[in-house]
Amino acid sequence: MHKISKRSVSSILRNGAVRCRTPAAPLSALNLSNLSAGEVDSKPRWFSALPAGTSSGSVSSKLLKTRTEFSLGRRFESSAAASESSDPPSEKYEYQAEVSRLMDLIVNSLYSNKEVFLRELISNASDALDKLRFLSVTNSELIKDEVDLDIRIQSDKDNGIITITDSGIGMTREELVDCLGTIAQSGTAKFLTALKESKDAGADSNLIGQFGVGFYSAFLVSDKVVVSTKSPKSDKQYVWEGEANSSSFTIREETDPGKIIPRGTRLTLYLKRDEKAFAHPERIQKLVKNYSQFVSFPIYTWQEKGYTKEVEVDDEPADVKKDEQQDVNSEEKKKKTKTVVEKYWEWELTNDTQPIWLRNSKEVTTEEYNEFYKNTFNQYLEPLASSHFTTEGEVEFKSILYVPSMAPFDKDDIHNPKTKNIRLYVKRVFISDDFDGELFPRYLSFVKGVVDSNDLPLNVSREILQESRIVRIMKKRLVRKTFEMIRRLSDSEKREDYEKFWDNFGKHLKLGCIEDRENHKYLGPLLRFFSSQSDEEMISLDEYIQNMKPEQKDIYYIAAESVSSAKNTPFLERLLEKDLEVLFLVDPIDEVAVTNLKSYNDKNFVDISKEDLDLGELKDEVEEKKIKAEFGQTCDWIKKRLGDKVSKVQISNRLSTSPCVLVSAKFGWSANMERLMKAQAVGNSSSMDFMRGRRVFEINPEHPIIRTLDNAYKNSPDDEEALRAIDLLYDTALVSSGFTPESPAQLGSKIYEMMGMALSSKFGTSNISGFQQDVTAADTTNLGTVEAEVIEPAEAEVIEPAAAEIIQPAEAGSQK
């Protein structure tokens, strides 16, 4: 701060200049860059005096100009060049912050969750104990009173008072003013800076508080906070007192002998009316276990206990008189007793679980890992697998990951991007378990574990994990370690363990194939599917490749609703003859996952229900040309009849027993995918028509039906029965190939018609004539009803020939 010279003052007063304002004490170490423009006092403070002889008008105009330039964000600094030039010297200002407004920001805007106040205050107490333990190494006089290093929390739920006492280093009067009187002044940060500058820079000191605002989180729930502290460096105990709505505080010396503490700090929080629920002992204990379970110092909470005991009960006068009459000469009666619960209060150790991730993994037994898992995540079943590791180098952290033995009952984790399975700690203090993909991707949300790091980039409130390169590296390593853990589980001798894992979390890994392309090489070996050669036990892709034929180049698969449906599909016929294994994708997500996976170990995934299927067999070009020449015109005839229903008709290389099959376009949806997309509640019909693509109708030239149609084309291509047979053949192929017919009623009528023709040709003489006799004897109304039931589903152009064909054999029989 510049001092104003006497000459300048006299010159200003002589010329009627603006009065000089005394600057307020600055808030040291306060980072004002995070405050908005409306939160900073825009009135500048004047430090340098104007040169003598300046008129009041020039002073006012220059001051106005300077203030205007300051409000626009321009910065002026005096320099030697400026002093030598004719321009007037620049003036330097400092920002001002309104203390009450800044306190309001800390209380109402910095923290999003009020319950973290206890975490912050316990962290400060832990820092005070850490400082004392560190300093006592070189100065044993600091702990000469031999008070235990611990933290004790007592609450009064009736009056809404919480008291937090630690036996740490305490504070002197000067330290109270410096640390609690200046917002965002961190005593921990100063202590760490002093350590780095001293010879003991390499010492291990796990101090938590860094930002200097943790103490003010007490005002999230309190109207008034009283801090009573005693430092071993001072003979006096001092009391700091502040209120939430005040911009000032008081410091006094403690004179009450009943409130004197040997060493350390006692915080007394007077809770707001709406926040008195925090004073319940059970609530305090729950918050301590959640946030500060692994603080290195013991934390005791004041808890109500009870025990049962037997007490004597006096008999009622009427009962006594009755007993005396019944047994006058009996011995002295036994006195009646009842069981009562005697209440008492005592200190209970709350953070009794030890952070086993800080220990060497070789020293921790499987039982300890399982017990830690059950206590930390409230589980009753042991995990299927665990992984304990330490990562060093650019990013350092310790972690324990677990694979649960069963999925949640609601199974919402796969849909919810925010999970609470990974608990993040910074220096053993719980930060958060509410992440949106920062530490773990969504498809691995079933993994539970703890992650502890000393240098994670957190915001001031320590509730939000900031995006940075360190976080991305940490996420990558956590994912890799998870894959290693699951891979060990899949390679273990207990095959049933991985089967249990796959039943519970297989869908998560398939989702990973869709969302995480970078880790396909880690996801592929973990996948399991049924196949044409293993329809009761799932196999891995590695096992499939081991069973591949020498000439086989691709991994074949078929998507269907079930294993039974996949086994009976006509697409399998030729592959089964050649003993080629086909994967059965029966889960709705399977086809999408495999499509995104594309290949595995340089083997491409091929859908056998799509066109251009290559089975890796040598083609006889002469025979192929001969077949095409023989059935080429028949294919064109069938295509002309089907019209736009199919893109083309061709000879099939995948059929052996079926007459025909309907395959999907190479880049269109398969029958299974089309069925799934139709079931979507928000499906778009126009996009479905586009993605469905044009289907290809493949025929088997060796089948009798196809040969009969070939003869029909050569002899009578316009025969109505042959054309209707093509329509029925297409509809039947539609169903057998997994597609849904557009008009099931029409398909049913065609099948009934064919059944009638077949039955009438074999049993028409006896059955139909009998049917006619029954109809003759029946009522004409019933006759009309019967005729309507037979012919109503068919179209008009189909009904007339069908009816004629059914009646003609009967008439012939009657003539005979």
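I looked up the largest nonpolar core first: it has 76 residues, and Leu-478, Phe-501, Leu-509, Tyr-556, Leu-583, Phe-605 and Ile-608 touch the most other members. I took a nonpolar core as a set of buried Ala, Val, Leu, Ile, Met, Phe, Trp, Tyr and Cys residues joined through side-chain atoms within 4.5 Å. Buried means under 20% relative accessible area, exposed over 50%, and partly exposed in between, with a 1.4 Å probe and protein chains only. Helix α11 (residues 469–491) gives the most to this core, with nine residues. Helices (H or I, at least four residues) and strands (E, at least two) are DSSP runs numbered from the N terminus.

The model is predicted: local features need pLDDT of at least 70, side-chain atom pairs count only at pLDDT 80 or more, and totals for chains, interfaces and linings use all residues. Residues are numbered from 1 along each chain as its sequence is written, and side-chain values use heavy atoms, with hydrogens and water left out.

I then listed the contacts (heavy atoms within 4.5 Å) of Leu-509. Not counting residues up to four places away in sequence, Leu-509 touches Leu-444, Tyr-498, Phe-501, Trp-502, Leu-523, Leu-526 and Leu-527. I also found a second, separate core of 54 residues, which includes Ile-164, Cys-179, Phe-219 and Phe-297.

Next I checked helix α10. Its residues 366–377 number 12 and span 17 Å from first C-alpha to last, close to the 16 Å expected at 1.5 Å a residue (1.5 Å times one less than the number of residues). Tyr-369, Asn-370, Phe-372, Tyr-373, Thr-376 and Phe-377 are buried in α10. Seen down the axis, the buried residues of α10 fall within an arc of 160°, so they line one face of the helix; the arc is that of the directions from the helix axis to the C-beta atoms. Their cover includes β11 (385–391), β12 (397–403), β13 (422–426) and β15 (448–453). Just after α10, Asn-378 has a positive phi of about 55°.

Last, I looked at an open sheet of three strands, ordered β22-β24-β23 with mixed pairing (two strands pair if DSSP finds at least two bridges between them). β22 (648–651) and β23 (660–663) are at the edges with a single partner strand each, so one side of each has no neighbour in the sheet. Four bridges join β22 to the parallel strand β24 (residues 696–699). Lys-648 stands opposite Val-696 in β24.
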